[in-house]
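Hi,

Here is the structure I promised to hand over. Have a look at it first, then read on for what turned up.

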Amino acid sequence: MSIDDEAQEPLEPRVGPVPEDDPEFRPYRHPAAGWGAARSVTRFLLEERALVDGPRAIMRMNHENGGFDCPGCAWPDDTKGLHLDICENGIKHVTWEMTRKRVDRDFFAAHAVTELAGWSDYDLENQGRLTEPMVYDAASDHYVPISWKDAFELVGATLRGLDSPNQAAYYTSGRLGNEATFLYQLMARELGTNNLPDCSNMCHEASGRALQASLGTGKGTVDLKDWESADALFILGVNAASNAPRMLTALAEADRRGARIVHVNPLVEAAATRTIVPHAFTDMALFRTTRTSTLNLQPRIGGDMALLRGMAKAVLEKSASDPKALDVAFIDRHTAGFEEYRALCEATPWEELERQSGLSRDDILEAARVYGEADRSIVSWCLGLTQHEHGVDTVREIVNLLLLRGNLGREGAGPSPVRGHSNVQGNRTCGIDHRPTDAFLDRLADACGIDPPREHGLDTVRTIRAMREGTVKVFVGMGGNFALAAPDTAATYAALRSCDLTVQVSTKLNRSHVVHGRAALILPCLGRTEKDHQRRGVQSTSVEDSMSMVHLSVGMKRPASPHLLSEPAIVAGMARAALPDSETPWDWYVEDYDRIRDTMAEALEGFEDFNRRVRLPLGFRIKQPARELVFLTPSGRAEFSSAALPDIVPEPGTLALGTMRSHDQWNTTIYSDNDRYRGVKNLRTLVFMNRADMRERGIADMGPVDITSTAKDGSSRFLTGYTAIPYDIPRGCAAGYMPEMNVLCALGDYSTQSDQPIMKHLKVTVVPAAG
């Protein structure tokens with residue numbers, strides 16, 4: 001490190017491991033998955049010394065009979081009984097959880113929190129599994145052991161001492177099972193608050209609000225069988241090879257049966273080219289690849305809405321000469337607002353659609369031709385569409401396009417959001433919602449005998465603001481790594497440190513344990529791979545995938561420590577201490593999770609006869625009224641949206657930057673500094689740019705750069721000493737990794753439509769590094 005480097009040392013530690021070699025970049029030319037994934041998994045199993053436990057877990061993951069659900073992505077389990085329904089990232093995720101390394105009292109005695117705060121996030125998680133509850137001792141600056149009884153009493157006493165129940169917030173990560181989720185929201189509401197921020201506030205809030213407004217349901221309407229029968233698949237804003245790798249199987253099968261597959265993304269990702277599915281043994285042996293796309297379109301960041309409207313405009317123009325271009329009967333019988341939408345499309349000039357999308361008219365017409373020739377189409381999307389100011393309008397534009405040809409309520413057609421984390425959708429279904437409906441609260445009150453609060457609570461962004469201002473004094477985090485996942489890193493750190501008490505329920509050490517309140521607890525829980533022994537035997541938990549299938553998950557492995565508790569047991573322990581006069585049978589629930597499910601069957605619409613149906617092969621699918629063409633909207637019909645097309649073209653000299661994960665990463669967990677599918681080795685502090693944009697700014701390939709973001713309020717945030725990598729990305733666009741780049745997203749930079757941080761559409765300038 002040079003003297004200048006020392007002078008400019010970043011305020012916060014780096015996220016990934018320290019690279020052993022110099023950074024490299026070579027464009028990736030190989031198929032997704034295949035032998036590259038096999039080699040990566042083998043190397044990871046060797047490094048984690050899991051050559052026995054790893055393969056054993058692989059044979060039990062995502063199986064309907066006594067298996068456990070992958071704690072990674074939320075892609076549905078295979079409907080055909082596939083024996084190896086797995087992926088590279090899922091295996092890494094499970095192996096990372098099953099590590100033999102332990103973080104025990106001796107570790108905390110040896111390392112002060114101030115010291116740990118200087119470690120990289122990779123090094124924190126890489127220490128292994130937490131083994132017993134710990135409490136922060138300010139006098140020594142160390143975490144020290146605490147009994148479960150005393151830990152629960154500290155939580156309970158602090159909550160009981162608040163002036164208002166709204167001075168506490170209860171955050172949820174996606175991996176929390178349905179039973180623990182239900183108890184968690186029940187505890188918060190019995191305490192008297194709807195402060196239930198969750199990771200959905202940062203990822204798919206826009207999808208839920210858009211689908212609710214358009215169709216009367218906040219979820220997609222398709223299932224995996226629909227994917228298997230669609231004539232055309234449109235994949236927007238999804239890096240499937242890393243975020244939902246098991247989707248590759250569906251894409252390969254779609255290509256083999258002749259379906260058209262259109263990928264829409266500013267970057268052409270590996271999943272949008274070709275693949276070798278690892279469990280297709282013949283293909284692996286013969287190195288035989290399968291296409292995963294028939295058309296790739298690269299709009300500018302934020303240009304998806306203009307593309308979708310252009311496709312709709314093309315369909316409407318074609319209907320003038322071909323009446324079959326529209327499903328007129330469907331539109332007349334089941335929709336409202338069509339004429340207004342038709343007029344809006346007709347009034348939008350092609351020149352404006354080209355300018356806003358960053359695509360040519362021919363590109364848009366080709367996508368429309370694929371859509372128009374398909375009898376049954378599915379449109380799928382992820383955070384590339386939602387983490388924008390106009391995310392809700394963009395998702396509603398997807399529904400508009402689907403309605404034009406009646407692609408709803410029939411096999412092989414409909415909207416299909418891709419949830420990125422296992423059970424994040426189940427969390428919302430089971431009550432983690434800061435804006436609960438009266439209907440939900442009424443059923444909860446009847447089933448549980450409580451009087452839940454009706455005032456809306458705080459979402460993630462407002463929780464951070466309230467903690468920083470001192471109006472929220474207690475933060476409880478069920479899983480995840482809130483300190484890293486949230487926007488505006490400096491503001492989030494300050495908010496957590498302003499709390500009277502922070503409580504983190506976790507499996508491994510992470511940044512949220514060293515960025516803590518004046519008092520802090522680490523409460524270690526069982527992982528999904530581990531057996532959950534309770535008084536009435538080994539328990540199962542349920543999860544909901546991204547297509548509304550609910551199924552059971554049963555751990556297979558001995559717990560990492562005899563002192564770990566399950567998530568339902570931890571919630572119940574906190575609730576007993578905080579609500580000493582509660583009539584809710586918390587201990588009785590924990591003895592047998594079937595009892596929790598029986599109450600959920602009364603409280604949650606669609607969960608009737610829960611215990612029987614969840615034990616069916618593959619579980620059961622929560623009924624979606626819109627799938628049956630029942631629309632719970634004010635008009636009783638599917639609603640066309642007629643939102644104005646936003647101007648998203650960057651100002652001269654600025655770039656639109658989107659944050660994303662690397663391939664060797666899962667959410668905030670970093671496995672290495674490599675990104676195989678983008679050709680990067682030993683580097684995370686980078687920005688991908690169009691080479692012409694680099695030349696215009698005097699930036700050399702792999703040259704050092706400084707990045708400045710400008711927030712809506714005019715304030716600026718900075719990253720220095722990053723490396724610019726020339727990449728196939730539209731002019732005016734740039735991309736880089738979260739969580740490192742979360743610092744660039746100001747707390748006030750959230751969508752007015754969804755309240756989501758606009759992580760995929762930051763306004764930045766990039767210049768050669770100073771000095």
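Phe338 counts as buried because its relative accessibility is 10% (buried means under 20% relative accessible area, exposed over 50%, partly exposed in between, with a 1.4 Å probe and protein chains only). Before going further: this is a predicted model, so local features need pLDDT of at least 70 and side-chain atom pairs count only at pLDDT 80 or more, while totals for chains, interfaces and linings use all residues. Residues are numbered from 1 along each chain as its sequence is written, and side-chain values use heavy atoms, with hydrogens and water left out.

On to the rings. Searching the whole structure gives 23 aromatic pairs (rings of Phe, Tyr and Trp, the last by its six-membered ring, pair if their centres lie within 6.5 Å; planes under 30 degrees apart count as stacked, over 60 as edge-to-face and the rest as tilted). One of them is Phe338 with Phe640, a tilted pair at 5.6 Å centre to centre and 55° between the planes. Phe338 sits in helix α17 (residues 338–347) and Phe640 in the loop between β24 (638–639) and β25 (655–660), so this pair ties together parts 302 residues apart in sequence. Helices (H or I, at least four residues) and strands (E, at least two) are DSSP runs, numbered from the N terminus. Phe640 is buried too, at 6% relative accessibility.

Phe688 and Tyr727 make another tilted pair, with 4.7 Å centre to centre and 55° between the planes. Here Phe688 belongs to strand β29 (residues 686–689) and Tyr727 to the loop between β31 (716–726) and β32 (733–737), so the parts tied together are 39 residues apart in sequence. Phe688 is buried at 0% relative accessible area, and Tyr727 counts as buried at 15%.

There is a cluster as well: ring pairs link Phe107, Phe108, Trp119, Tyr136 and Tyr143.

Now for the exposed residues. Arg39, in helix α2 (residues 34–47), counts as exposed at 54% relative accessibility. Together with Arg26, Arg43 and Lys681, Arg39 forms a patch of positive charge on the surface.

Glu411 is exposed as well, with a relative accessible area of 51%, and lies in the loop between α21 (391–404) and β15 (414–417). How far apart are the C-alpha atoms of Glu411 and Asn166? They are separated by 45 Å, and the two residues are 245 apart along the chain.

For the patch, the cut-offs are over 30% relative accessible area and no salt bridge, with like charges joined within 9 Å and nonpolar side chains (Val, Leu, Ile, Met, Phe, Trp, Tyr) within 5 Å. A salt bridge is a side-chain nitrogen of Lys or Arg within 4 Å of a carboxyl oxygen of Asp or Glu.

Cheers

Key. Accessible areas come from the Shrake-Rupley method with a 1.4 Å probe; for residues, only the protein chains shown count as cover. Lys and Arg count as positive and Asp and Glu as negative; His and the chain ends are not counted. The place of a charge is taken as NZ of Lys, CZ of Arg, CG of Asp or CD of Glu.
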